[in-house]
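Please examine the sequence and the structure shown here. The paragraphs that follow lead the reader through selected contacts.

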Amino acid sequence: MSQPHESPLRRFLPDADPATGPFGVLGVAPDQCEPEAVLAALKRALDRIARHPEARTPDAEEVRLALHVAAAQLMDAETRAAMIAMWSAPSAQQPTTATSQSPQAASPRPKPTLEAFRLACFEMIAHSGGWNARSRLRVMALADVFGINPDELHLVFQSPPPAAPAPPVRLATRAPVVAQASAPQTDKPKRISFTTIALVVLNIVAAVGLVRVIWPSPHESSRTTKSPQAREIQPRPVSESAGTIAPITTVPRESREILAVLRQLRDGGAASRDAAASDVLLAIDANLADTWTDLPGRDAILITQTFDEAVDRMDASANPALEQLLQQWSNHASPTNAARFRQRAWAIAAAARLAQSNHALTNSKERAQSILRAAGAEPSDEGATDPRASLESAMRSAGVDLTSAMINHEIEPADYEPIWRQWCADAARIARWDPPNYEWILLTYEDLAHLEAGRSTATILDSARTLTLDAVDWRDRPALLRLLHWLSDDEALPAPALATATIAILRQRTDLAAPGELIATDSTVGPNRKALRERWNRALNIGLDEPRQRDRDEWIGLAQRTLEQPESPNSTSQWLTMTVHAARVNTIAHRLWQQDSTSAQSLFRETPWQPEFVKPALEVSPVVLTRPSDEQLAEWSQRFLIAGNDANERVTLLQELRRREQLRSQTDADVLADAAYYDTSIQVRQSAQQVVRVFASDLRVLYALLESLPRTGRTDAESEMIEGVTDRRLPPPRHPDWHDRAASALLNRAFELYARQLSTAPDQAASELSRLYTMQLSDSDSSAVSDEQGAAPDVIAPTEMSLLMAAIPPYAPAERLERDLRREATIVVRSDELLAHDDLQSARRRLATNEIERFAVAQLSCYELMSMIVKGERSSQVARVSALESQTADARRNAATLTEQIARTEAAMIRLWSIRLGLEDRL
């Protein structure tokens, strides 16, 4: 087994000597370094590495990289002459050989080694296309191969290059070598000096920046702040190479840089084939395992999603980097790592998402499942692929395991308390992400309440339970509903834990009346618990401002008028109108339930929606494929073409086009499609592809995309753009049928848009339903896009949001609302009922074939979940809700069209809201 600090070069090639420069790395003598000999030595070394047991590790890739750099140096005639002059010139004053030097006389690092490393770095920077992420990583890898430590690397890049070669180390005593080595020094000193100086001048500033990035100064380090958990627990490297890579960032303010690097790894697929890029992914994973709880909510979700997409494209059987990443997760998720709850939660969540991913390969998913089994954290299907849900669930699991380890005396109580305080601080930050969610913390409290502590740990466990409750904002309505659930069921929470909970809540909620009557005791079970629940219910009704009576009265009047519409509309447009009116009533009810009187009044004042003039339906004909004769002056296209190769100007023009309500000519669409497909600047292509998505409902854009499709480069970005425009899945770009499938998708989308232009009522109703359902979501759900520079996304401006709203199909917000209600239902609905509903809903989704069917399926699920929630919240109205369910089922069965079914379901939602608001007797 290799020693922890052994150089990778010595491990794979024991006879190699990096102290003698490229000759020692390749094992050739200066008088035997002709190109043929160099290539033969390179092949021998690579073959030896291939036969090594660790041939597929990042360390092996680093050594291969060093071999190729050494070979490149010796293959070039001028560089080879410089190397011979540097490494083989004899010294009359120091005739001793390397083997005769005593350890005391030998310097810590011979100057030739530093000089060779310096030249190798410059060579690598040049081969990597300049100073960039790849060259930085390769320089770090070379430092590990050459055995350069951080202090020496600092000297390499900040000290000026020596004016004359350092005293050489003799490799051989044969006379021909001396004569051969002295010629380059006397014949071509200017050319060699120019080459070296040019490289130094071009890269010295970047090299100094490298030193500052990898090894910051003590003053900079003192300014870098990390949480106590991050300072105390360092990531465990999987290999020496992974440990030598500095994390991309260690503080939340650098999350944009992490996101940008992850996007490059994801979009370029470099992590699957480039050892340096693989090490970047490993470093980011190790860094996030320590710092993910410090990230702002939106950044954490975006980074996690992009990280998952990069991992999904890797293959565990063909890529050792993914195996190392999985091993890193396995180490973090190990039960023995309970004290490092951040690392454990991150690894469990990442493995759970990979195990349930629809895009990862089977062998990767099986490996992730084995990690979860070893960690005792088998994932559930519900929410396993959602970044936030998986992190919250894993954090809960890590907290319970940490406490269990303390109870079992695997962690000392004195060590447990500060760690648990940090867990509670992190939990509070995560729970306050947008939207706030304290449910998983309350579930953690339930888990802790059912743990049985020994005599020596009981007091510490009680303190941990109190700290957990303090992390919850007890003005949050779902959290208070969870309290009412505890007060309704003796099995939900033991009496002592309920007593602790009521005391902790009253300590935070000083606004509640008669607090002495709200404290539970150890005997609060059965009738005593029910009586306490009634007292809490009254107190919370006082403490929580209910909607004003005027708003409730106005809502009842609007609901009555909406339900009094004709029972049997005789056209599709009338059913659509009824659906939109009912959705508006339900949206106002949701605003009243959320105590948002301002939004409710704004909706009250809106003019009732009516479809605009509907053209008579015409049969769709091949005329849809005819390009329009557009004679308008394409002024935007002219300016875009005049911009030539000025990428910044073109991006500015694309942003200008994006802000317009519509394209003005077919020529603009043609130029836009060409830029999205073929522009030489990646920034321009990405910007153009985003603008294409904005105008996805413009037939002229579809014409242009379809016409230029045969000449496309078949890249992932182009495929994703076409999928976004057509709302259809395509095979991988290299699939033989990709062109045909893409053309078919564009053609079918063109027919759909053409048909919508003949009848505007469905499209108008879809836009209005999208708006109303979006207003019912628990969060703002503001859409976000990436800017043209690849930085972190910003919220779309209101003007752009209004343009995009028409392009959002109504099933998208309906499905998000379904997920919101599903999370809310877990508080008051039994798990077996929810699982049965989930199974039925999965079968429905598989049968849906188009947008309107997907909306109908999501809408029906929202109605069913709302019924279960109302039954759980108002047990006295179960019979009324059941009768409404039966009536709605009959109405749906008797409906003649799917549009009528949708209208009947939306109307039934009004009656459910009336029951939930306590207004059932007035409707």
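Which side chain is joined to that of Asn 337 by a polar contact? The partner is Gln 343, and the polar contact between the two side chains spans 3.4 Å. A polar contact is here a pair of N or O atoms within 3.5 Å; within protein, one must be able to donate a hydrogen and the other to accept it, and residues adjacent in sequence count only if both atoms are side-chain atoms.

The model is a predicted one, in which local features need pLDDT of at least 70 and side-chain atom pairs count only at pLDDT 80 or more, while totals for chains, interfaces and linings use all residues. Residues are numbered from 1 along each chain as its sequence is written, and side-chain values use heavy atoms, with hydrogens and water left out.

Asn 337 lies in the loop between helix H17 (320–333) and helix H18 (341–355). Helices (H or I, at least four residues) and strands (E, at least two) are DSSP runs, numbered from the N terminus. With a relative accessible area of 2%, Asn 337 is buried; buried means under 20% relative accessible area, exposed over 50%, and partly exposed in between (1.4 Å probe, protein chains only). Asp 401 is 64 residues from Asn 337 in sequence, and their C-alpha atoms are 9.6 Å apart in space.

Attention now turns to charged side chains. Side chains of opposite charge can pair when their charged atoms come close. The structure contains 40 salt bridges, a salt bridge being a side-chain nitrogen of Lys or Arg within 4 Å of a carboxyl oxygen of Asp or Glu.

One of these salt bridges is formed by Arg 639 and Glu 656, whose closest N and O atoms are 2.6 Å apart. This pair links distant parts of the chain, 17 residues apart: Arg 639 belongs to helix H30 (residues 635–642) and Glu 656 to helix H31 (residues 647–658). Arg 639 is partly exposed at 34% relative accessibility, and Glu 656 is partly exposed at 25%. Glu 656 also meets Arg 660 in a salt bridge of 3.2 Å, N to O. Arg 660 is buried, its relative accessible area being 10%.

Another salt bridge joins Arg 880 and Asp 921, with 3.2 Å between the closest N and O atoms. Here too distant parts of the chain are linked, 41 residues apart: Arg 880 is in helix H42 (residues 878–894), and Asp 921 is in the segment after helix H43 (898–916). Arg 880 is partly exposed, at 37% relative accessible area, whereas Asp 921 is exposed, at 67%.
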